[in-house]
Amino acid sequence: MQLTLWTYEGPPHVGAMRVVTAMRGVHYVLHAPQGDTYADLLFTMIERRAARPPVTYTTFQARDLGGDTAELFKSAARDAYERFRPQALLVGASCTAELIQDDPGGLARALNLPVPVVAVELPAYQKKENWGAAETFYQLVRAFAKPRTRPAGGRPSCNILGPCALGFRHRDDVREITKLLGALGVDVNVTAPEGAAPADMTRLADADFNVVLYPEIGMQAASWLQRNFQLPYTKTVPIGVGATQDFIAEVAALAGVAVPDSLSAAGSNLPWYSRSVDSTYLTNKRVFIFGDATHVVAAARIASEEMGFEVVGLGTYSREFAREVRDAAKRYGVDALITDDYLDVESRVTELRPELVLGTQMERNIAKRLGIPCAVISAPVHVQDFPARYSPQMGYEGANVLFDSWVHPLMMGLEEHLITMFREDFEFSADAAPSHLGGAVKKLPETILQAANPAKDTERRWSAEAEAELGKIPFFVRGKARRNTESFAQERGLATITIDTLYDAKAHYAR
Amino acid sequence: MSATLQVPTGTGCLDAPVLRERGQREVFCGLTGIVWLHRKIQDAFFLVVGSRTCAHLIQSAAGVMIFAEPRFATAIIDERDLAGLADANDELDRVVAQLLARRPEIKLLFLVGSCPSEVIKLDLSRAAERLSQTHMPDVRVLNYSGSGIETTFTQGEDACLAALVPIMPRIAAGAQPSLLVVGALAEVVEDQFRRMFAAMGIERVSFLPPRRSVDLPGVGPDTVMLLAQPFLADTARALEARGATHLSAPFPLGEEGTTAWLHAAAESFGVPAARFAMATDPSRQRASAALAVAQKKLAGKRIFFFPDSQLELPLARFVSRELGMKLVEVGTPYLHRDHMTPELALLPQSTFLSEGQDVDRQLDRCRAARPDIAVCGLGLANPLEAEGITTKWSIELLFTPIQGYNQASDLAELFARPLLRRTKLAV
Ligand code: SF4
């Protein structure tokens, strides 16, 4: 048993729902009690999908248990087929039905419906949402993919694998990457799950290779297609300018095409915006990154190589991809935090006191509490993560979006300089929020930050003068000054921090 | 003082046929009640013993994200627990100890059963007893079921309050009569009712649930109870078993419902008619004036209720009698005839009532009827809007103060706003 206050991922059948909701022509009959229908609102409210997810729940009750839950499943499956006339039926169980062991696959097949039945077993007491999505997609690919029928030669062609419902900007990423592939002269054979019908999935092997946009969802299917149909797949996720260039090179090699000049890095505004003088203030901003593995690994590279930040910590809730995230962490000389407990994340953020947090909606809340600017880079999603405007994360346009959305919560360059110069002036209070954000970002008083991190300050006391002097240091480096001074004092066993300690520490760390 | 109520001649729809459906139910389970109960009882903590689905349901229903550390959590059962029950109990003890160490201010802990805990027959009542022994007097541990196989949406509150009844202090026979108002209400509503009762001269009034568990009211043979919510069958039964008398009344929604509800108490406490009038008249007039404005916007509009909170019947009575709306279908997850008799008597004779659900068939009926507004759960709202049917999310009716005189026009506004929005938008 695990004490859980909040969870980054839902149960695995929600992952299956994300796949079928993205597709066309598949209906999911889920053996589940009535409360599990809450999952519909994720799609209709958060993503504002205009149609209900194609899911029928059996909604068995206590009085059905031991009696005829299997019969209930059969009639639900039969009725769902009659009503929705799907091209294929997906069947499975949620956590409760898993315990009563009715075998949805066997029951559905016994109905002899005129369409294929795909059964997915998603162990609800071991696995989570992304795993469930990957497994469901893989089972559907296995069920439908047929050997290649397209003759060799002709324009190069690929599949786009991974985009699905409730994904972080999947809708816009697909559009951006399809455009990019087109510019390379590569056709998109099938995009799946999003928008694909079972009939489309039969044609997967007609492509020359696969583009895996979201490994969390598409990798398992891609490696099966490689093993069985010799379709190679891309390893780079094109988030950021550098990764987009690598992706273009990878695709060009797989497709055997030359890269046109129009696809150089000049396609993005990010490189120049990062070099322009206003961005000087971004240098070595301390950033903490948390989210799914794909977005975290990509964000760390962008933060370091393309924004000139310093990555002070990163982590993921995707245990399946812990290795990739640990490898990335090594490149930045930090320890990866692999956890699905947001309290662990909160204490890491509190301890590191970064100047910017890149995370999920949960990190946005954590950062808000701690008064730290934050941009959202990864699922789990919130209604705000489905903006009305075109807002991809991938490709060159995606890099533009990332530059804007990461810089937005921060003080603008000139503004920050003014505050440093005029910090004694009451109108330039160090506690002011960035002017373009109104009152949205409020700095927490230092005392609260201390209280949130009590272990640090139990022994070392700041003298009143030192505390006052610390207050004169611009707030955006004040946290770092406080931390450095305290560890300096600790190393030397000083019980009280005086003004001298403060400046000794400053000199020490300046070396 | 019964002249305050213009009961229509005839029996309303007491004898009307009810369509009973047994198909897919598109409703939350009883765990959802935790979302408002944990705000209401401020020193209580709700620990669901369940699966990741249960945890995900509550956080999704709670508005997707949490902004302060909430007073609810889930002990997620994993494979190891499924291997053997003794192990699961030890695990639960460990999780509870971990939780209480984190939250020393908690005085009352509810272990909330879920479908998985019930299917594996984890005995939470024994666990609660054992844990109470360990943690009393600091923390009392109780249990109830919020599982989807046993409870629908608001029935979770019923189960929670019913679990409190056995530990309510006993008031011996022969005490002065006291009034117990049962059902979670917003504080602003509670305070208004308290003032209203005081103005009538009813001083011994308490509320279940209390704001703090340590202030649990007493109950005895001289307790009379008014139900403030229509979904409290088990709680009422448990209170009756402890001697309380149930005052049958419509529920306090709208001017008429509130008056009838207050009047039931007034009658029981022998409040003179003049005093009742003095206490209620100004509020009644204010409510009526405000509702007259809302009625202009809503009269004649056709409304369809999907089954959800069991508030559907009282709401239907309010919108039809006080706002002049036309009832297309009134669905309810359960029809408790006992508590609903006064409501049924007030509903128009021809009302189409349905109990239970087969969501696809009900959607067919809704599409065919094309009501002006449909009251439904969050999963159905946007799909119906996309089909051109204006909706009101029913969960808002649980989170918004809607009971009593001063809230009557707010309640009307909940229906008026989506309609107004639709007429405003030109795109
Ligand atoms: S219906 Fe059952 S399994 Fe589903 S969330 Fe509710 S209690 Fe948990």
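In the predicted model, the shell around the ligand comprises, by class, eight nonpolar, five polar and one charged residues. Of the 14 residues around the ligand, those that come nearest are Gly35(A), Asp36(A), Cys29(B), Cys54(B) and Cys115(B). Because residues from chains A and B surround the ligand, the site is shared between chains. At least two residues of this shell are supplied by each of helix 4 (95–100) of chain A, helix 2 of chain B and helix 5 of chain B.

The two chains also meet directly. In this interface, 58 residues of chain A are in contact with 66 residues of chain B. About 5300 Å² is buried between chain B and chain A, and 60% of this area lies on carbon and sulfur atoms. Polar contact is found across the interface for 25 residue pairs, both residues of each pair being at pLDDT 80 or more. Several elements of chain B each supply at least two residues of the side that touches chain A, among them strand 2 (44–50), helix 2 (52–61), strand 3 (72–76) and helix 3 (79–83). Helix 4 (85–102), helix 5 (115–119), helix 14 (359–369) and helix 15 (378–386) of chain B are also included in this group. The largest share of the side of chain B that touches chain A comes from helix 4 of chain B, with eight residues. By class, the residues of this side of chain B divide into 36 nonpolar, 14 polar and 16 charged.

Four salt bridges are found across the interface of chain B and chain A. In the salt bridge between Glu26(B) and Arg52(A), the closest N and O atoms are 3.6 Å apart. In general, strands of a sheet pair through backbone hydrogen bonds, either parallel or antiparallel.

Parallel pairing is found in chain B, where four strands form an open sheet in the order 7-6-8-9. Strand 7 (205–208) and strand 9 (245–246) of chain B each have a single partner strand and stand at the edges, so one side of each is left without a neighbour in the sheet. Strand 9 of chain B runs parallel to strand 8 (residues 223–227) of chain B, and two bridges join them. His246(B) in strand 9 of chain B is the bridge partner of Met225(B).

In chain B, the peptide bond from Leu208(B) to Pro209(B) is cis, with omega near 0 degrees. Pro209(B) lies in the loop between strand 7 and strand 8 of chain B. In chain A, a cis peptide bond runs from Ala379(A) to Pro380(A), with omega near 10 degrees. The loop that holds Pro380(A) is between strand 13 (374–376) and helix 16 (395–407) of chain A. Arg353(A) is not a glycine, yet has a positive phi of about 40 degrees. This residue, Arg353(A), is found in the loop between helix 14 (342–352) and strand 12 (356–359) of chain A.

Technical notes: Residues numbered from 1 in each chain as written. Chains lettered and ligands numbered in written order. Predicted model: local features only at pLDDT ≥ 70, side-chain atom pairs only at ≥ 80, totals over all residues. Heavy atoms only, no water. Contact = heavy atoms within 4.5 Å. Buried area = accessible area lost by both parts, 1.4 Å probe. Salt bridge = Lys/Arg side-chain N within 4 Å of Asp/Glu carboxyl O. Polar contact = N/O pair within 3.5 Å; in protein donor to acceptor, adjacent residues only side chain to side chain. Nonpolar A, V, L, I, M, F, W, Y, C, P; charged D, E, K, R; others polar. Near = heavy atom within 4 Å. Pairing = 2+ DSSP bridges.
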